[in-house]
Amino acid sequence: MDFSGLIDNFGPLTVTGLAQGAIIALFALGYTLVYGVLRLINFAHSEVFLLGTYACLFAWGLFGLDQNSAAPAVGPMLLYMLVGLIAAIIVSGAAALTVEFVAYRPLRRRNAPPLAFLITAIGASLFISEVVGVATHRNQTGVPPIIQARPVFTIGDTTVTNLQILIILLALVMMFALDRFINGSRLGRGVRAVAQNPDSAALMGVNKSRVIALVFLLGGLMAGIAAVMYDLKIGVTRYDAGFLLGIDAFTAAVLGGIGNLRGALLGGLLLGVLQNYAAGVFGSQWLHAASFVLLVVILLFRPTGLLGESLGRARA
Amino acid sequence: MSEKASFRSSGGVRGWFGRQPWYIRGVVVLLAAVAAYLLPYVGDVPLIGPQIVTEGIDWPSALFNMSYYVLLALGLNVVVGYAGLLDLGYVGFFAVGAYGTALLTSPDSILYEDTGWKWLMAVPAALVLTMIAGVILGWPTLRLRGDYLAIVTLGFAEIIRIVATSTTTLRGDRGFASIPHPPGSWGGEPIFGVTDAIPYFWLGLTVIILVILGVRNLDRSRVGRSWLAIREDEEAAEVMGVRTFKYKLWAFAIGAFIGGLGGVLFAGEQSFINSQTFVLQFSILVLAGVVMGGSGNMAGAILGGVLISYIPDRLRGLSFGDTDLYEYRFAIFGAAIILIMVLRPQGLIPSRRRAMELKDREKEVAPQ
């Protein structure tokens, strides 16, 4: 155990942790939304994210960009970003909806036991990741350098890059927008009503099926954005990228209080930062082990997560 | 018990079976066991044989794989099916069993100088180790609610894998080689050799039968009734005086023990293990098998265990048009899981009680 690594690199570790945490937080929203409404771990959400990482690569490929391309100028860069985001959002949203229609809705109609949902989700997850795995020959795919990471400002020995700023800002903006949507709009009120009590909500005229579809769609959209950020930050994607990050995202959702939107943000950022600190102290191979130990400790002392589980409450 | 009564009055194979006198039931069970031991020769049966044993399959190895998958499914069935605890990291116990054996017996192990044990000597030690691991994991986590338990157990398996990958004692990718095979010889030749997997299958099958007998007795005892009560309504069980924590811990320890058995057998057959063997997808696969087969029912768990190991093997050497189906085995498997669960959410061979519950639930559905 060597604490000097952590002390010396405290600033950089924090900043990269925040950027990683922002991606995890966006990803975690999908778990939290679905769990808040259906009390169900959407195991296939990791593959929704995975499809997003490939969708934006595909869109950039249409422009003739690959990992060896030169970094574009500012004008085209904005266009590429927009196209990539839209492609990822569309594919991830569509994938999330498809999973809901194929794997969950038939079971819900028969009021199947909760475990059955988990198993179809596992089936869907396995199917998607394996098809992607076979299609890419299980190799990793490089990402074209759309945005070159450039230092913007430096505090002490901590350098903050434009990419990190972009990721954190985008995550915060999306979180704010989603929070406003769930807490402020008419559709969002429907979501909260179903989360609180599905049967009463249905009696009050809320279209339950539509709300559930909406929740999956929202989770998919957020995962799509997270996927583009992931591509830009990590620089490569692979058929099992969703699975690995999905475990982090789910941990983050539980950490913040699953079913709670703000909890997902807090949990994601906290997890990203703490993982980096742990990597600084114990070495990077212990990154995930540290986050799980943290999770167990938190659940033992505060089983509902940091902010509590409250999508259904009046104030989420 | 009402469950037994419903067996007798119901139709179908199980209803018929339940109505027979004890000696006929005994003969049927015995015949089934003998048939299971003859499975390695099923390829020689005309008509059916070639359908089951296709050319691409190494049938004895496939059978051995089935045997430890079934063992894991039976163990997980105790945890998930009987006690109703969602364990996503079951492969962790499998790994502890295998690594326990490897550490005590392999020449690569740092303990080898002191121990250098034979396989059989390592078995009880490795099993005690897995049970301890089960208790260590269960003690802090069993107070958690269902979904949290799932994620924590997932984390446990991941930590085991990370420890195996990153510590020098457990050797990561390099793994442990030359783990001794089980003992015994027949006419000068060792029974458990390198080339022939059939004896390993028989060994696995014997262990499976012992486990089935043990678990069946447990299920019919005070412990089994406590598990049932906990699964159905934990708070009510607690109020009625069931010591829920104690029995949940028992379920965990027994599940861990059976998983460890699988690991010990696996290490003995493969004679080499490394950190790549114990990926998380593995335990998810076993869980899918248990629920697909029918959780809470041992026949279901066995069928599930057989399916998850056989379906991918069966696709070996098959092609559809130009695409090699074996390459897509897990994708096809994923689609098959969805299909089975959508058509039969209670599992292929559900426990009677579960099936009846589900019928009740279906009636409760509000029209959508």
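Select L287(B) to begin, in what is a predicted model, and display the residues around it: leaving aside neighbours within four places in sequence, L287(B) is in contact with L118(A), I119(A) and I122(A) of chain A, and with L76(B), V80(B), L86(B) and L88(B) of chain B. L287(B) belongs to the largest nonpolar core, which has 193 residues, and together with W60(A) it touches the most other members of that core. A separate core of 11 residues lies apart from the largest one, and W59(B), A62(B), M66(B) and L205(B) are among its members.

From A62(B), move to D313(B), which has A62(B) among its contacts, along with I57(B) and N65(B), when neighbours within four places in sequence are left aside.

Staying in chain B, select helix α5, residues 59–82, together with helix α10, residues 222–232, and look along the place where they pack, at an angle of about 50° and with their axes 9 Å apart. That angle makes α5(B) oblique to α10(B). To see the contact itself, show V78(B), G81(B) and Y82(B) on α5(B), and W227(B), L228(B) and R231(B) on α10(B); these residues divide into four nonpolar, one polar and one charged.

Now turn to chain A, where the unreviewed UniProt entry annotates several stretches as "transmembrane region", including residues 77–103 and 211–230. In the model, residues 77–103 of chain A are 100% helix and 0% strand, with end C-alpha atoms 38 Å apart, while residues 211–230 of chain A are likewise 100% helix and 0% strand, with end C-alpha atoms that lie 28 Å apart.

Two loop residues of chain A complete the tour. Select N111(A), in the loop between α4 (74–109) and α5 (114–135) of chain A, where phi is positive, at about 55°, although the residue is not a glycine; with a relative accessibility of 21%, N111(A) counts as partly exposed. Then go on to H137(A), in the loop between α5 and β1 (141–142) of chain A, which also is not a glycine and has a positive phi, near 55°. With a relative accessible area of 59%, H137(A) is exposed.

How values were computed
Residues numbered from 1 in each chain as written. Chains lettered and ligands numbered in written order. Predicted model: local features only at pLDDT ≥ 70, side-chain atom pairs only at ≥ 80, totals over all residues. Heavy atoms only, no water. Axes fitted to C-alpha atoms, helices over the stretch in contact; angles between N-to-C directions. Helix = DSSP H or I, 4+ residues; strand = E, 2+ residues; numbered from the N terminus. Parallel < 35°, antiparallel > 145°, perpendicular 65-115°, else oblique. Contact = heavy atoms within 4.5 Å. Nonpolar A, V, L, I, M, F, W, Y, C, P; charged D, E, K, R; others polar. UniProt positions renumbered as here; feature names shortened; annotations may be inferred. Core = buried A, V, L, I, M, F, W, Y, C linked by side-chain atoms within 4.5 Å. Buried < 20%, exposed > 50% of the residue type's maximum accessible area, 1.4 Å probe, protein only.
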